[in-house]
Amino acid sequence: MTQIEIAEKIIPFLVEEFEIERELINPEANLRDTLQLDSLDYVDLVVVIESNFGFKVKQGDFQNLATFEDFYAYVQGKVNAQDEAANN
Amino acid sequence: MVNRVVITGIGIYSCIGKNLAETTQSLYQGKSGIILDAERKKYGYRSGLTGFVDSPNLKGVLDRRSRIMLPEQGEFAFVSTDEALKVAGIDQDFIDKSSIGILFGNDSSAQAVISANDIIREKGDTVMVGSGSVFQTMNSTVTMNLSTIFRLKGINFTVSAACSSGSHSIGLGYMFIKHGYQDCIICGGAQEINLYSMGNFDALGAFSIREDAPHKASRPFDRDRDGLVPSGGAATVILESLDHALRRGATILGEVIGYGFSSNGAHISNPTVDGPQKALEMAIEQSEIGVKEIDYINAHATSTPAGDASEAKAIFNVFGQPGPYVSSTKSMTGHECWMAGASEIVYSMLMMQNGFIAPNINFDNPDEDSAKLNILAETKETKIDCFLSNSFGFGGTNSSLIIKKWENK
């Protein structure tokens with residue numbers, strides 16, 4: 001999947017789960033500030049990702065993700081690794 | 001230090017009304033809130049009868065974080081508390097400058113527990129329950145959520161005392177204020193109403209199976225009753241010291257003058273006469289009034305033969321004949337369990353404010369014990385200056401509250 005495809009899939013879930021305006025989400029925006037995430041909300045972010053992409057998120061994986069672009073790249077890496085594993 | 005304790009706000013979300021106005025009308029009309037729930041039958045309940053009220057839509061009212069931590073009974077309690085605070089004239093600005101407490105009755109959160117464990121079993125991963133689940137599952141869910149939503153800074157805990165939880169919450173609030181530890185406490189009771197909330201209670205065979213006539217099923221004190229009907233919702237009662245209420249210019253609705261309690265010290269579910277009688281006598285003694293001054297008793301009577309008979313004997317032993325008017329609003333609402341002790345204070349307050357006594361509907365024929373009481377089968381327009389409300393629960397926990405009309409003195 002490309003990052004654009006990842007973003008197109010993720011954004012509706014983020015808008016739904018965190019009840020924010022779609023327009024606020026852009027690749028350079030800060031993930032934590034935009035979604036107004038506190039420590040509890042990261043648990044729900046894990047649920048959103050695991051439910052929709054099928055891979056396990058390890059505790060602490062999200063800690064170094066600053067922007068949405070970083071977030072999409074992280075998901076893309078995991079999805080592609082998952083696809084490769086399935087093809088081997 | 002001994003303070004007088006007054007009621008300045010009430011709120012209700014029940015199967016006979018989602019606010020005070022609707023509920024007053026239902027009480028006056030003797031309207032039943034009981035339905036037959038086909039889902040319960042499919043799920044394996046012996047009785048599909050239940051009181052029913054829709055969950056409120058709180059999207060746009062509460063933020064996402066607050067909503068995902070609230071179980072059904074927490075949503076009910078938010079609505080009843082919001083209404084009670086408005087009646088009391090207490091806004092967020094006042095709360096932020098005060099040390100208001102919360103004591104709420106709640107004794108289960110079955111749906112949240114079952115839903116969470118269904119997810120864990122299916123996914124094999126605890127994280128998939130999300131961040132709100134743990135705050136929904138605990139017995140203290142109502143107080144932990146409402147204290148966060150309303151930013152309360154006083155006493156904060158849940159009272160779990162089976163079907164007298166709501167009544168004890170008001171009794172404890174009364175004691176905290178009377179003895180000077182708090183100026184103002186949000187008291188009440190909440191009861192979940194979902195499919196999972198009553199399965200194991202249904203297992204005891206204590207529920208009415210008069211499924212062909214749901215409105216006739218709950219018939220406390222009637223000779224032909226066959227069991228209780230479970231129900232739910234939430235009720236809130238705002239207690240304040242008289243000084244605190246006068247200082248802020250609040251409208252005073254009533255005064256709590258007695259709280260009696262006892263434990264049967266006997267069987268876990270079979271009632272006794274002595275236990276309830278002790279609570280009744282303690283409340284009356286504390287209130288320093290004579291039994292003749294009590295105009296109305298809102299009975300605990302749930303529509304079970306043993307429970308109704310024991311309470312009828314206790315009331316007769318204390319009040320004799322002719323005793324005060326008696327009715328059980330459970331004839332309309334069903335048994336609101338953890339909420340009942342608080343909701344029945346709200347129902348009785350509405351009667352006192354509006355000059356009537358709600359009927360004990362379906363009271364067609366008395367039995368030997370109920371024949372000795374002054375039970376009203378029809379609505380009666382009459383002045384209530386003082387009422388008593390009984391609540392009894394599993395484990396033999398008993399609570400009686402006495403409330404007096406406020407007459408500026």
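The buried residues of helix 14 of chain B pack against helix 13 (274-287), strand 9 (296-298), strand 10 and strand 14 (386-393) of chain B. This is a predicted model, in which local features need pLDDT of at least 70 and side-chain atom pairs count only at pLDDT 80 or more, while totals for chains, interfaces and linings use all residues. Residues are numbered from 1 along each chain as its sequence is written, and chains are lettered from A and ligands numbered from 1 in the order in which they are written.

**Exercise 1. Describe helix 14 of chain B: its span, its buried residues and the residue that follows it.**

Step 1. Helices (H or I, at least four residues) and strands (E, at least two) are DSSP runs, numbered from the N terminus. The expected span of a helix is 1.5 Å times one less than its number of residues. Helix 14 of chain B has 15 residues, and its first and last C-alpha atoms are 21 Å apart, close to the expected 21 Å.

Step 2. A residue is buried if 20 or more other C-beta atoms lie within 10 Å of its own, exposed if 12 or fewer, and partly exposed in between, with C-beta atoms placed from the backbone. Among the buried residues of helix 14 of chain B are G307(B), D308(B), E311(B), K313(B), I315(B), V318(B) and F319(B).

Step 3. After helix 14 of chain B comes G320(B), with a positive phi near 65 degrees.

**Exercise 2. Which peptide bond joining Q321(B) is cis, and where is P322(B) found?**

Step 1. The cis bond joins Q321(B) to P322(B), with omega about -5 degrees.

Step 2. P322(B) lies in the loop between helix 14 (305-319) and strand 10 (325-327) of chain B.

**Exercise 3. Is P220(B) buried or exposed, and which residues does it touch?**

Step 1. P220(B) is in the loop between helix 11 (214-217) and strand 7 (233-241) of chain B.

Step 2. P220(B) counts as buried because it has 29 C-beta neighbours inside 10 Å.

Step 3. Two residues are in contact if their C-beta atoms, placed from the backbone, lie within 7 Å. Not counting residues up to four places away in sequence, P220(B) touches several residues, including R225(B), A299(B), D308(B), K330(B) and N360(B).

**Exercise 4. How do helix 1 and helix 4 of chain A pack?**

Step 1. Axes are lines fitted to C-alpha atoms, for helices over the stretch in contact, and angles run from 0 to 180 degrees between N-to-C directions. The axes of helix 1 and helix 4 of chain A are 9 Å apart, at an angle of about 105 degrees.

Step 2. Helix 1 of chain A is therefore roughly perpendicular to helix 4 of chain A (under 35 degrees counts as roughly parallel, over 145 as roughly antiparallel, 65 to 115 as roughly perpendicular and the rest as oblique).

Step 3. Helix 1 of chain A contributes Q3(A), I6(A), A7(A) and I10(A), and helix 4 of chain A contributes Y72(A), A73(A), V75(A), Q76(A) and V79(A).

Step 4. By class, the contact of these two helices has seven nonpolar, two polar and no charged residues (Ala, Val, Leu, Ile, Met, Phe, Trp, Tyr, Cys and Pro count as nonpolar, Asp, Glu, Lys and Arg as charged, and the others, Gly among them, as polar).

**Exercise 5. Against which helices do the buried residues of helix 3 of chain A pack?**

Step 1. In helix 3 of chain A, D44(A), L45(A), V46(A), V47(A) and I49(A) are buried.

Step 2. These buried residues pack against helix 1 (3-18) and helix 4 (68-87) of chain A.

Step 3. G54(A) follows helix 3 of chain A and has a positive phi near 80 degrees.
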